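Good morning, and thank you for coming.

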Amino acid sequence: MAILQFRLLFIFLFSLFRSSLSQSCSSPAIISSNHAAFTACSELQTLSSSLRWTFDAATSSLSFAFSAPPASGAGEDGWIAWAINPSGDGMLGSQSLIAYRQSDGKIGVKTFNISDYAIKPSPIDFPTADLAAEFVGGVMRIFGNLFLPKGVTHVNQVWQVGAAVKNGIPGKHDLTPENMNAKGKLALISGQSTAAGDSTYRNRNIHGILNAVSWGILLPIGATIARYLKTFRSADPAWFYLHVSCQVIGYSAGVAGWATGLNLGSKSKGIRFATHRNIGITLFALGTLQIFALFLRPRKDHKLRFSWNVYHHSVGYTVVVLGIINVFRGLRILSPGDGWKLAYVFFLCALGAAALLLEAITWLIVLRRKKTEASAKLNNGARPPLE
Ligand SMILES: *[C@@H]1O[C@H](CO)[C@@H](O)[C@H](O)[C@H]1NC(C)=O
């Protein structure tokens, strides 16, 4: 009984503690650097954060205070970031202000023009003034003024929190949905902040899953089937139909995934994953070529069959290798958590191990076949049947 009461008390105290950390617009007014109260306040939808601001449309100057508790109770050792992204709705391209402990031991703000996941302090596209940061009662806060381009009324805002700072650079943040959805539109004048369309986030996941399953899993499996099952005479012609089904299903899913990728690419203005995109387009071209080549396949005894085989194998293996490379590139862009990458590496290892085993079995079978055929020739003086 006493234990239960103690637990209830603990939960109550903990929730008090949590709500004191979550930044609501009803908590005591925060005063801007020029000692005026802010005219607008918005509780942001994730990471217990809030933004207060005053926007002067005549001069396009934005005076703001962003508040959030750093990640996982890291307190003063963590970091918080607030950014405007003029070219997209996520981290890349964002003109960021990040607060964390500086080399002098005090909490301060640095600007980061983020064009890469490896971030470093750099000038941003907007002039700034009076940047300052503080850490009070478990909450970190960034103050400052930004001078935005004339005529701006809406901006894409992005915010984030992290737990660690290494060598003077904020470390990686978590990849929970709270972190990934820490972005939205901010209406500077009407004072509205709205969540970023979750649809982009969802479309990226659909794109990732379709392409990982098709180019990254089905096509390599189909290639393995063709290479190894062929050896077993009992598997003829089943291996051929298995191979064709695997590749056709993989290709169809891959084209769907490819189309979602093109769509994502056209929507993300200013953010380009050029290599990922170029490999994707090459894959689509080579994959389509393989499907068409199926219909142009010469008969087994045709004199062009050998050349066709060489062509089919080289393009096929190129598709498999490029597909795997692009899955890894995509995983880096999406960064869905290490578990996914690990699962994919595990799949590749399993496929590799199976291929190695089958390679050994294939050699054994081929060698034994040669031997029996040679002895049959000796015994009967007749040629063994052609394969
Ligand atoms: C910020 O980075 C982008 C992309 O690298 C670059 O085009 C832009 O000029 C940079 N802005 C500033 C102020 O350096």
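Apart from neighbours within four places in sequence, H312 is in contact with H243 and Q290. H312 itself is found in helix α6, which covers residues 305-334. Please bear in mind throughout that this is a predicted model.

Is H312 buried or exposed? Its relative accessibility is 17%. Buried means under 20%, so H312 counts as buried.

Where does the UniProt record place the feature "binding site"? The entry, which is unreviewed, puts this feature at H207, H243, H276 and H312. From this set, H243 and H312 belong to the lining of the second largest pocket.

Let us turn to another histidine of that set. H207 lies in helix α3, residues 198-229. With a relative accessibility of 15%, H207 also counts as buried, because the limit is 20%. Which residues does H207 touch, leaving aside those within four places in sequence? They are G257, T260, G261, L264 and H276.

Residues 208-226 are 100% helix and 0% strand, and their end C-alpha atoms lie 26 Å apart. Residues 343-367 are also 100% helix and 0% strand, with end C-alpha atoms 36 Å apart.

Now to the aromatic rings. The count of aromatic pairs comes to eight. One of them is formed by Y344 and F347: the ring centres are 6.0 Å apart and the planes stand at 25°, so this pair is stacked. Y344 and F347 both lie in helix α7, residues 338-380, and are three residues apart, about one turn of the helix. Both Y344 and F347 are buried. Elsewhere, W239, F240 and Y241 form one aromatic cluster.

Finally, a serine in a strand. S96 has its place in strand β5, residues 95-101. At 3% relative accessibility, S96 counts as buried. Its side chain makes a polar contact of 3.0 Å with the side chain of S94. Beyond its neighbours within four places in sequence, S96 is in contact with several residues, including W82, K110, F112 and I124.

Thank you for your attention.

Technical notes
Residues are numbered from 1 along each chain as its sequence is written. This is a predicted model: local features need pLDDT of at least 70, side-chain atom pairs count only at pLDDT 80 or more; totals for chains, interfaces and linings use all residues. Side-chain values use heavy atoms; hydrogens and water are left out. UniProt positions are given in the numbering used here, feature names are shortened, and annotations may be inferred rather than shown by experiment. On a 1 Å grid over the protein atoms alone, a cavity is a set of points where a 1.4 Å probe fits but cannot get out, and a pocket is an open set with protein on both sides within 12 Å along at least five of seven lines; lining residues have an atom within 4 Å of a point. Helices (H or I, at least four residues) and strands (E, at least two) are DSSP runs, numbered from the N terminus. Buried means under 20% relative accessible area, exposed over 50%, partly exposed in between (1.4 Å probe, protein chains only). Contact means heavy atoms within 4.5 Å. A polar contact is a pair of N or O atoms within 3.5 Å; within protein, one must be able to donate a hydrogen and the other to accept it, and residues adjacent in sequence count only if both atoms are side-chain atoms. Rings of Phe, Tyr and Trp (its six-membered ring) pair if their centres lie within 6.5 Å; planes under 30 degrees apart count as stacked, over 60 as edge-to-face and the rest as tilted.
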